[in-house]
Amino acid sequence: MSEAEDHLIEYFRRVYESTRTYLRDLTDENAKLCALIHTLERELDRERKDRLRFEERVAAIDAERQAYLERYLEVEAENANVSNLYVATLRLHGSIDHNDVLAAIHEIIINLVGSEELAVFELNPQGTMLIMSSSHGIDREPFEKVPLGAGIIGSCAASGRMYVHANAERARAGPEADLTVCVPLIVEGVVTGAVAIFRLLGHKPDLEPIDHELLGLIGSHAATALYCTSLVEHTGGRKSLHARAVSEKP
Amino acid sequence: MTDPQPKAKILVVDDSSTVLIMEELLLRRKYEVIKATGGTQALRLAAEHRPDLILLDIIMPDMDGLETCRLLRGIEATKLTPIIMVTTRGEQKTMTAAYANGATDYVTKPIDHKELLEKVERCIGARE
């Protein structure tokens with residue numbers, strides 16, 4: 001074998017060795033990379049699960065926030081209703097003067113219910129006739145005296161049941177054509193009068209749930225307040241009350 | 001420690017005690033409420049207290065809200081003060097008259113608490 005051939009063989013042997021080493025290194029590197037990919041895949045999977053959990057948590061918090069917002073709005077509306085009822089009660093029981101109580105009834109209906117057409121009736125001592133005590137924005141003449149049981153207002157007082165119009169009934173004629181509500185005034189189960197509310201304000205299309213609560217409150221508290229004023233009148237009026245207060249001072 | 005920021009002042013004008021009590025209940029948590037029962041008293045209190053906002057009823061016995069509004073615009077203390085008309089008369093011609101007399105905005109009765117608070121906050125926020 002010539003020297004040149006020996007060199008060539010040696011050269012190929014070295015190339016073979018280095019290629020084998022290189023291949024081994026590559027195989028090792030490949031194994032390491034496979035392990036790394038596996039680790040990364042596991043981490044990615046964990047991250048995905050974490051993200052899913054976070055998304056679920058965010059959705060839950062968002063739903064909770066929405067529920068709180070809805071509840072807040074409900075409470076705000078309830079609060080507004082309670083304030084209206086409080087103010088109405090305060091006004092009705094804020095005086096023992098008959099005219100003041102009538103004025104309070106008017107203010108409540110105008111400003112809280114939303115009608116500028118109303119009448120307040122009180123039952124005569126015989127219990128046969130509703131006598132108009134005050135009115136606002138209506139023609140008084142047809143309603144000055146309403147026999148108990150006559151028409152919607154008289155029937156409402158006779159039965160002791162509140163009347164609220166149904167839209168279909170709007171077509172009726174006569175002085176009660178525009179009647180929207182009639183509230184009997186009741187003290188201790190006894191009808192003492194009635195409050196009639198005719199057309200609502202133009203921008204108020206219909207009664208709302210709070211209006212029914214206000215009307216219920218008028219039915220009982222306005223009745224009691226008016227009844228108290230009559231008791232005060234029978235016992236000598238406000239002057240007598242003030243005189244008694246002065247005489248009782250130590 | 002710094003003093004808490006003073007509350008903005010609101011002058012509420014209405015001949016109805018029912019409305020005055022309700023507006024005070026609604027506003028007193030965040031604002032200082034000054035009450036007047038008529039236009040003449042409103043003009044005096046406005047000059048005295050220089051309110052940040054005025055809630056003004058339209059139908060009042062001594063001087064109606066439109067006239068009061070016009071006169072308030074003539075006073076130095078209230079010539080730029082926002083005035084919200086509070087009224088049972090929600091029709092267009094009343095509102096046009098209110099704006100012509102210097103009103104900033106209006107709400108109708110029965111008062112929607114949320115609407116009133118939003119308008120009050122908007123007016124006072126814009127002023128600040």
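# Briefing: helix packing, chain contact and local geometry

Helix H2 of chain B passes helix H3 of chain B in a right-handed crossing. A crossing is right-handed if the near helix is turned clockwise from the far one by less than a right angle, and left-handed if anticlockwise. This is a predicted model, in which local features need pLDDT of at least 70 and side-chain atom pairs count only at pLDDT 80 or more, while totals for chains, interfaces and linings use all residues. Residues are numbered from 1 along each chain as its sequence is written, and chains are lettered from A and ligands numbered from 1 in the order in which they are written. Helices (H or I, at least four residues) and strands (E, at least two) are DSSP runs, numbered from the N terminus.

**Packing of H2(B) and H3(B)**

- Two packed helices are described by the angle between their axes and the distance between the axes.
- The axes of H2(B), residues 39–49, and H3(B), residues 65–72, come within 10 Å and cross at roughly 25°. Axes are lines fitted to C-alpha atoms, for helices over the stretch in contact, and angles run from 0 to 180 degrees between N-to-C directions.
- H2(B) and H3(B) are therefore roughly parallel to each other. Angles under 35 degrees count as roughly parallel, over 145 as roughly antiparallel, 65 to 115 as roughly perpendicular and the rest as oblique.
- On the H2(B) side, Gly39(B), Ala42(B), Leu43(B) and Ala46(B) meet Glu67(B), Thr68(B), Leu71(B) and Leu72(B) of H3(B). Two residues are in contact if their C-beta atoms, placed from the backbone, lie within 7 Å.
- The residues of this contact comprise five nonpolar, two polar and one charged. Ala, Val, Leu, Ile, Met, Phe, Trp, Tyr, Cys and Pro count as nonpolar, Asp, Glu, Lys and Arg as charged, and the others, Gly among them, as polar.

**Packing of H1(A) and H2(A)**

- The axes of H1(A) and H2(A) cross at roughly 160° and come within 9 Å.
- These two helices, H1(A) and H2(A), are therefore roughly antiparallel to each other, and H1(A) passes H2(A) in a right-handed crossing.
- H1(A) contributes Asn84(A), Ala88(A), Arg91(A) and Leu92(A) to the contact, and H2(A) contributes Val101(A), Ala104(A), Glu107(A), Ile108(A) and Leu112(A).
- The classes in the contact of H1(A) with H2(A) are six nonpolar, one polar and two charged residues.

**Contact between the chains**

- Chain A gives 17 residues to the contact and chain B gives 16 residues.
- On the side of chain A that touches chain B, helix H1 (3–92) and helix H2 (98–113) each supply at least two residues.
- That side of chain A has eight nonpolar, five polar and four charged residues.

**Fold and dimensions of chain B**

- Chain B has five helices and five strands, and from the N terminus on these elements run β-α-β-α-β-α-β-α-β-α.
- The radius of gyration of chain B is 14 Å, close to the 14 Å that the globule rule gives for 128 residues, so chain B is as compact as a globular protein of that length. The radius of gyration is taken over C-alpha atoms, and the globule rule is 2.2 Å times the number of residues to the power 0.38.
- Along the principal axes, the C-alpha atoms of chain B fill a box of roughly 50 × 30 × 25 Å.
- Of the 128 residues in chain B, 44% are buried. A residue is buried if 20 or more other C-beta atoms lie within 10 Å of its own, exposed if 12 or fewer, and partly exposed in between, with C-beta atoms placed from the backbone.
- Among contacts in chain B between residues at least 6 apart in sequence, 57% join residues at least 24 apart.

**Backbone features in loops**

- Lys109(B) and Pro110(B) are joined by a cis peptide bond, with omega about -5°. Pro110(B) lies in the loop between strand S5 (105–108) and helix H5 (113–127) of chain B.
- Arg50(B) is not a glycine, yet has a positive phi of about 45°. Arg50(B) occupies the loop between H2 and strand S3 (53–57) of chain B and is partly exposed, with 14 other C-beta atoms within 10 Å.
- Glu188(A), also a residue other than glycine, has a positive phi near 50°. Glu188(A) lies in the loop between strand S5 (181–187) and strand S6 (190–197) of chain A and counts as exposed, with 9 C-beta neighbours inside 10 Å.
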